[in-house]
Amino acid sequence: MWYTKWRQVTHRIAAWARQKGRVVSTPKTAEVVIVGGGVMGASAAYHLARKGCRSVVLLERDSFFGSETTAKCAGGVRYHFGTEINIRLSLLSLPMLDRFEEELGQPIDLRKCGYLFVLTREADVEEFRKQMILQRGLGVRTELLEAEEVRRRLPRMDFPDTLAGLWGPDDGIADPNGVVQGYMAAARRLGAVCLTDVEVIGVEIAGGRVTGVRTKGGNISCRAVLNAAGPWAAEIGRMAGLEIPVAPTRRQLFISTPVPEIPPDFPFVFDFAQSLYFHREGPGVLSGMSNPGQGPGFYQNIDEDWELTHLETAAARMPSLENAGIANHWAGLYEITPDAHPILGAVERLAGFFCLTGFSGHGFMHGPGAGFLLAEEILDGRAKTVDISSLNLNRFERGRLLREYSVV
Ligand SMILES: Cc1cc2nc3c(=O)[nH]c(=O)nc-3n(C[C@H](O)[C@H](O)[C@H](O)COP(=O)(O)OP(=O)(O)OC[C@H]3O[C@@H](n4cnc5c(N)ncnc54)[C@H](O)[C@@H]3O)c2cc1C
């Protein structure tokens, strides 16, 4: 009874907000509060609202949605992973990106340029061969290329040490901002209240379950809190007395000035052993390289020493970069877990608290599917489309860690 009344009240608030086009204060109640307005929060808000949850409130502390990790990402989307659960997340998510513009009316510049993992170590070739068998068994199109074929496909790159390559023709690149804005607009059309400039500062708990959140703009009572705070997920967890092992870790990239030699159909190229990648970005090239020595912390300034190492390594692989300059560069934060897999689903020790975080560098591509699965988990009691129980927070307590080889 109280629940029906509460739904009616929050629904009226959302309807009023829609009418006004904006919300002047935070609602007092909600069914579900989502903390974080990156790709995870946006996808979850849309899928919850689409599934009939009429009282979804998303809170983002920045002045813009999707301006943190999601905005810093390289935009890569791929089926290539080394564990069945990650491949299944791609199998759910990437077709959602294929349908995105048609379903939500928002272009996302999806370009199916393919991913080419270039392998230079015997051990990687063996591992990728096993991964290819796993991927094909799940229905992914993927192909192991011989060294000569890799070099033939990349005439403007220098890979004398290539042993083989793994080609994913259905992989590509999409625009993270388009995805966030598309989901936010659609969620609002369906009645969700999505707010910027609202910071969550506490989680209210009574009788062993979540009862609300405290924000700088007032308190909101709710039945469920969804932690979609990306690299800040551990902080939100601490507010609820939970330890959520997500370590913010700096990753940086640059976009070059125009490189006319690079063809329009240039794929997303990964030099796997060096954790170095390239793709076309407008008339230039975007390149990133993970620093294995980078420790955890909220550093988002450019590490200039590492940038120099990155530039030298990138130019050795793509000599045309010698004649180009840096048009733009930035650093962002991977949200890394101990086994490089996300933390998804209900938290056993605290009823009403849910996690949607820890994607360890591949969250943009899994955001659509993961948000959909969390909507199922919250509203139906369990994610049914894909079994996400292996990704539960409890795996760390129970010592059931997974292992992903294809981490970048
Ligand atoms: C350099 C780089 C390259 C990458 N490349 C790729 C790629 O090619 N493909 C791919 O799939 N992934 C890639 N990623 C990873 C991907 O960007 C992330 O996994 C994904 O964006 C995570 O989304 P999110 O919504 O969890 O986090 P975020 O986008 O960071 O969103 C979390 C939000 O929570 C908000 N927040 C935090 N605390 C609070 C609070 N207390 N109250 C309210 N709001 C709060 C933050 O302001 C933030 O906006 C890359 C990441 C980086 C850094």
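Entry 1, ligand shell. I found 40 residues around the ligand, with E60, T69, T70, E335 and M365 the closest. The model is predicted: local features need pLDDT of at least 70 and side-chain atom pairs pLDDT 80 or more, while totals for chains, interfaces and linings use all residues. Residues are numbered from 1 along each chain as its sequence is written, and side-chain values use heavy atoms, without hydrogens and water.

I sorted the shell by residue class: 20 are nonpolar, 12 polar and 8 charged. Here nonpolar means Ala, Val, Leu, Ile, Met, Phe, Trp, Tyr, Cys and Pro, charged means Asp, Glu, Lys and Arg, and polar means the others, Gly among them.

I then checked secondary structure, taken as DSSP runs numbered from the N terminus (helices H or I, at least four residues; strands E, at least two). Strand 16 (326-336) is among the elements that supply at least two shell residues each, as are helix 2 (39-50) and helix 11 (363-380). Strand 16 gives the most, with 4 residues.

I looked up N or O pairs within 3.5 Å. A side-chain N or O atom of E60 is 2.7 Å from a ligand oxygen. On the backbone, a polar atom of G363 is 2.9 Å from a ligand oxygen, and an N or O atom of F364 is 3.0 Å from one. The ligand alone exposes 1000 Å², of which the protein buries 99%; the area is from the Shrake-Rupley method with a 1.4 Å probe.

I looked for nonpolar cores, meaning buried Ala, Val, Leu, Ile, Met, Phe, Trp, Tyr and Cys residues joined through side-chain atoms within 4.5 Å. The largest has 57 residues, and L48 is one of those touching the most other members. Leaving out residues up to four places away in sequence, L48 touches V32, I34, C53, V56, A375, I378 and L379; contact is heavy atoms within 4.5 Å.

Is P248 buried or exposed? P248 counts as buried because its relative accessibility is 10%; buried is under 20%, exposed over 50%, partly exposed in between (1.4 Å probe, protein chains only). P248 lies in strand 12. L163 is partly exposed at 36%, in the loop between helix 7 (147-153) and strand 6 (164-168).

Terms used
Near = heavy atom within 4 Å. Polar contact = N/O pair within 3.5 Å; in protein donor to acceptor, adjacent residues only side chain to side chain.
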